[in-house]
Amino acid sequence: MSGVSPSTIERWLKGWRFVAVVAIAVGVLGVLFLWLGPGPTVPRQRLTWAREEDGPLEPVGETSPPAHFAARAEVTETKSSLSTTTASSSSGSARFACQTIVILNESDHPLIARSALQMIEPLKKLSYVDRIDYLPRGEKLETGRLAPDVCIRLSLHKIDESNLLVRRSVDAQVVAHASSSWVSSRHHHHDRLTPPRLNFQWTGRLQHQSKSRGVASSAARYTEAAKSIGKELGKSLVKQFDKFREEYGPMPDLPADFYPPYREPQPLQFLKRYDTHLLSSWHGLMNHNETFWEMEVPGHAGDNISQIAREMESAGWKASSRGNERSPYARFTKEDVVVEVFPKDTDPSFPGPVVATTPPEHEGGPRRSVLYVQYVDHVSREELARAVDKILTEGTPIQVLLTFRTTWSREQRQRALEILEERNPSEPEAWVTLAELYGDEQKERARNAVLRAHVLTRTVKEPGDVTGRIKRQAKKLGIEDIADETVPESMLRELGFIEVRPGLKPVETKVGVSEPATFFMRTDKGLVTTTARVVRKSLPEGKASYVLQLVSERGGARSWSEGGTVRENSPVARGSSYGDDRRCEVVVNKISGKERFRVTAKVR
């Protein structure tokens, strides 16, 4: 550098120092932007996923807002522990309805919004769910629409977090409520106008902890925490819904007559005196209207409910049920309308208010309580009778017919009996219903029907309340013990059972979707049966598929398995043990161009 003057070198050094300062400033500002910049992208509007025919649940319209830049270079340790409680009530023919789900986020915190989207993923894979709606806080579904089958509410009860530059932690308490209506009281009533639907309340209380080390942008915040929370809640909900479906059976597709048109609720004067807001107002199965309001009232819940009761009785309403001091509640009826008033439950597991961005309006003031009001305008008995009359025909599916058995009049019972006799049904519920219809007037037929119902319970994974009905009817008829050995082979053949034996050629039958193909064999240990069913399912990748289910019973022990996608030119084989090293192997082939299947069985 002998040719460069000192002044030139000095100018170069000044220039490089300036560049270095600018670079450092830009770097610091960039880090601060990533750390303190835009928060996680969360939906601020309603999101919907719907299924078309046999495809997957697809987004309808816009599914998410434009995403902020999210970068992560961190290691996160997460831990989520979930405890659940479940309560349910049902009439004798109740089914589990879960075709449509609405999820309401009751928190403004981005952790809950991100957790909700993660929770939705396993729910989208349920083949029996056709629509899911997600509502951010403050949103609600349109008035007058058909009510969803399942309502899920997510809330954040507590959160503590630290957000240092390279170390972050989250300690959160999250609660999820899933039920068959927006909110539910602890009191239940059943009569002939009660819909044949399972009423349930599921509550999940989740404690989450996560710790992160490294660098992440503010837009990437809560990524792993939300995955952990959402996955845990979604997995538990799927497990519970599957259990309900197995125990109670799915709600069949019902005619539109059982979903009467929406009708505005009658005015209730006491609503005007309180701080009241509408939660939802829909119509649904066997009702013109189901509306929920939330009220904030001064003082204790019980005192306000007593005052409301006096006003309602003065207005001509009949108080059909009242709670007590420990469990305040009131139920009023007028013609086909039922109004219930009950307090909002507090959660002893997670004390304290739900976390929200806006503090309670009356914080620090006199005690205030929250009440719910449920208004239901049932169909009239005449409307229900007309709807049931229309399904008492030869073409109605058995499950639709049986769903409304508790509503049948004397004349409808006789018509149902005639239809069931003509069908020679394969459902155990149909035969125990026949036994109940025969009663003492036709004891021999009733005994025969009870025995058939008992045998057919072998063909289903979970008989539900049918087993109890069979035992009660058997006791009425003087049958002390139903033994499989007393079942004649002629009855098994009449019910469609096919005999298999070692050394014989394979036996074959053809069935449609969900129709049973049942095989039997007598052994030294008694009657052994295997039932094969091919059911339609929508797989996660969205392709319609046919899956083989197998139910076997031997010596009072029942086994169940599912697996293998049945396609044309691609047979599925599964087997079940018959004891003594013998095994019944079932092979299923799809018949080309038809929704029918060839089922072959052989004992090896």
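How many of the residues of H8 are buried? In this predicted model, the count is 10 of 11, so H8 is mostly covered. The protein as a whole has 11 helices and 23 strands, and buried residues account for 46% of its 604 residues.

**Overall picture**

- Take the contacts between residues at least 6 apart in sequence: 70% of them join residues at least 24 apart.
- The accessible surface of the protein is about 30400 Å², and carbon and sulfur atoms contribute 50% of that area.

**Nonpolar cores**

- In soluble globular proteins, nonpolar side chains tend to be buried together.
- The largest nonpolar core here holds 50 residues, and Phe258, Trp408 and Leu420 have the most contacts inside it.
- Helices H5 (381-391), H6 (398-403), H7 (410-423), H8 (428-438), H9 (443-456), H10 (466-476) and H11 (489-494) are the elements that give two or more residues to this core.
- Leaving aside residues up to four places away in sequence, Leu420 touches Ile398, Leu401, Leu402, Pro425, Ala430, Thr433, Leu434 and Leu437.
- Another core lies apart from the largest one; it has 42 residues, including Met119, Ile120, Leu126 and Ala178.

**A closer look at H8**

- The buried residues of H8 are Pro428, Glu429, Ala430, Trp431, Val432, Thr433, Leu434, Ala435, Leu437 and Tyr438.
- Their cover includes H6, H7, H9 and H10.

**Aromatic pairs**

- Searching the whole structure gives 11 aromatic pairs.
- One of them joins Phe200 and Phe241 in an edge-to-face arrangement, with 6.4 Å centre to centre and 75° between the planes.
- Because Phe200 lies in strand E8 (residues 199-216) and Phe241 in helix H3 (residues 223-248), this pair ties together parts that are 41 residues apart in sequence.
- Phe200 and Phe241 are both buried.
- Trp293 and Tyr375 also form an edge-to-face pair, at 6.4 Å centre to centre with 80° between the planes.
- This second pair links distant parts of the chain, as Trp293 is in strand E10 (residues 287-298) and Tyr375 is in strand E14 (residues 368-378), 82 residues apart.
- Trp293 is buried, and Tyr375 is too.
- Ring pairs also build a cluster out of Phe96, Phe200, Phe241, Phe244 and Tyr248.

**Charges over rings**

- Arg452 places its charged end over the ring of Trp431, 5.0 Å from the ring centre.

**Cysteines**

- A disulfide is a covalent bond between the sulfur atoms of two cysteines.
- The structure holds zero disulfides.
- Cys98 is buried, because its relative accessible area of 4% falls under the 20% cut-off.
- Cys151 is buried as well, with a relative accessible area of 2%.

Notes
Residues numbered from 1 in each chain as written. Heavy atoms only, no water. Helix = DSSP H or I, 4+ residues; strand = E, 2+ residues; numbered from the N terminus. Buried < 20%, exposed > 50% of the residue type's maximum accessible area, 1.4 Å probe, protein only. Contact = heavy atoms within 4.5 Å. Areas by Shrake-Rupley, 256 points an atom, 1.4 Å probe, with all protein chains shown as cover. Phe/Tyr/Trp six-rings, centres within 6.5 Å; stacked < 30°, edge-to-face > 60°. Lys NZ or Arg CZ within 6 Å of the ring centre and 35° of its normal. Core = buried A, V, L, I, M, F, W, Y, C linked by side-chain atoms within 4.5 Å. Disulfide = S-S within 2.5 Å.
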